[in-house]
Amino acid sequence: MKKRGSFLLVLLLLLGMILSACGGGSDKTGGENSKNSEEKAKQGLKVNIKTEPFSLHPGLANDSTSGSVLRNTFDGLTRIGKDGKPENAIAEKVDVSEDGLVYTFTLRDAKWSNGDPVTAQDFEYAWKWALDPKNESQYAYQLYYIKNGTAANDPESGVSLDEVGVKAIDEKTLEVTLEQPTPYFLELTAFYTYFPVNSKIAQKNPDWYKNAGEDYVSNGPFKMVSWEHRDKIVLEKNDQYWDKDNVKLEKVEMLMIDDVNTELSMFRKGELDWAGSPFSALPTDAIPKLKDEGILNIQPIAGVYWYKFNTEVEPLNNVNIRKALAYAINRQAIVENITKAGQIPAMAAVPPSMFPENEKGYFKDNDIEKAKEYLQKGLEELGYKDVSELPTITISYNTDEAHQKIAQAIQDMWKTNLGVETTLENEEWAVYIEKLHNGDYMVGRMGWLGDFNDPINFLELFRDKDGGNNDTRWENPEFKQLLINSQQEKDSETRLDMLKQAEQIFIDEMPVAPIYFYTNAWVQKENLKDVVISGLGDVQLKWAYVE
């Protein structure tokens with residue numbers, strides 16, 4: 001009996017050691033908890049956003065990189081849902097007056113990532129902060145729909161921020177009065193300029209948004225826990241989020257790798273879960289092979305790639321020179337030989353998803369004969385004998401393989417077709433966009449993705465000469481008046497006709513040269529589900545998960 005008992009004891013000890021080794025050994029909480037931890041660890045996502053965001057303050061952000069972070073860390077009164085339509089977010093209830101001018105938002109019980117309640121005052125503070133001219137918000141014009149928003153943003157108007165039509169009635173009630181009925185206002189309240197800011201923190205620390213830390217608080221699905229500038233941003237699930245039960249990802253790493261070839265290589269090695277749009281871009285040379293492999297995703301989006309002209313700099317202050325340069329571009333060659341992802345040549349400003357006739361556009365692609373006629377007119381008006389006297393034109397772009405190839409192609413087209421000499425200049429994104437906003441450029445590439453699903457979004461950029469995103473410095477009184485009138489027009493068909501007239505003026509004066517209408521092209525891991533990309537091209541990770 002003794003010997004048998006000793007044998008059983010040894011056997012039990014050996015079996016316990018084997019089970020302990022299988023279970024990991026170091027986990028003192030038991031096998032079930034260990035399994036749960038492993039499953040949670042898998043709910044992570046690693047992407048590349050390519051570059052440092054311009055700003056992670058909702059009132060200062062003005063680019064898609066910043067937007068990709070902000071849409072996943074903040075919640076507005078509304079959020080664009082999986083179906084592409086606005087749905088209630090921080091607003092639990094929305095009441096609209098019969099005349100469409102007054103919106104009353106009742107806020108749900110929601111918290112900031114530090115546990116503070118999200119209040120109506122946080123919205124009022126954030127919107128008025130963006131409208132305050134001393135803060136120089138490039139997107140302040142998105143708030144012009146609010147009563148006295150335009151005037152308050154003009155330091156010479158004499159209208160104070162107190163007169164702006166946004167008022168916190170109490171902690172849970174926000175009343176917004178508009179200048180005129182705006183049928184897409186609930187889409188606007190989902191846009192990042194309309195996000196709230198924790199007013200207590202912002203008033204205590206005006207630099208709250210410049211680094212990750214205890215003062216960088218947000219109210220969305222994720223919170224920022226790390227920001228290594230020019231290297232990486234790390235987000236984690238926000239356990240204070242009002243809808244946290246629908247957020248499955250525990251961690252999102254956003255790397256800042258400027259080389260798209262490196263990005264794709266990392267994806268193939270399993271070091272990234274996603275490569276390409278809308279976070280970054282794919283190497284154009286790799287697109288045909290990815291298509292052949294059957295792993296390429298392509299989605300048309302409401303966006304346009306264009307070259308902006310600085311209309312205050314000679315010779316680009318001349319409309320005929322601008323038209324000559326725009327007409328002498330072979331867009332079909334660019335989309336077939338460089339971008340290769342189903343983009344549509346653009347001879348208009350507003351995408352075909354909003355104006356279907358714009359698939360054809362206002363002028364002929366690669367119209368060399370017309371381009372030469374406009375060039376000759378422009379030279380005569382500026383007093384040049386021939387094209388050799390024309391100042392050398394600088395084409396600027398932010399560092400990127402595709403932008404470089406497009407710039408080189410257009411440089412060659414302008415030289416071959418018109419004899420125009422150009423030089424190329426590139427900068428890292430944050431530096432580049434600052435130079436454009438300061439007018440320190442001649443010709444600069446830029447893309448514009450719709451902020452909301454309406455044609456005015458692509459035209460109102462250029463309404464005012466000193467408008468936040470109007471780097472061209474172009475302004476036209478008739479164009480401006482048509483936009484103003486369109487916002488007061490109640491008949492939808494008449495309103496769209498006004499916007500078409502405005503676009504015709506815009507194309508006739510050519511402050512930008514449209515190049516192509518965007519598509520998003522990307523590859524992703526097969527087990528990554530429910531990453532939501534809207535028809536406007538923006539990305540949400542609220543519902544994403546790893547299968």
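The model is predicted: local features need pLDDT of at least 70, side-chain atom pairs count only at pLDDT 80 or more, and totals for chains, interfaces and linings use all residues. Residues are numbered from 1 along each chain as its sequence is written, and side-chain values use heavy atoms, without hydrogens or water.

**Helix pair H16 and H17**
- Helices are DSSP runs (H or I, at least four residues), and strands are E runs of at least two, numbered from the N terminus.
- The axes of H16 (residues 477-488) and H17 (residues 492-509) come within 9 Å and cross at roughly 165°.
- That makes H16 roughly antiparallel to H17 (an angle over 145 degrees).
- Axes are lines fitted to C-alpha atoms over the stretch in contact, and angles run from 0 to 180 degrees between N-to-C directions.

**Largest pocket**
- A pocket is an open set of points on a 1 Å grid over the protein atoms alone, where a 1.4 Å probe fits, with protein on both sides within 12 Å along at least five of seven lines; lining residues have an atom within 4 Å of a point.
- The largest pocket holds about 1,300 Å³, the space filled by probe spheres set on the points, which are joined across faces, edges and corners.
- Its lining has 46 residues; the closest to its centre are Ser137, Asn153, Asp466, Gly467 and Gly468.
- H16 gives the most to this lining, with five residues.

**Second largest pocket**
- The volume of the second largest pocket is about 450 Å³.
- Of its 33 lining residues, Ala302, Asn453, Ser534, Gly535 and Leu536 are the closest to its centre.
- Strands S2 (78-80), S12 (297-309) and S17 (512-524) each supply at least two lining residues.

How values were computed:
Parallel < 35°, antiparallel > 145°, perpendicular 65-115°, else oblique.
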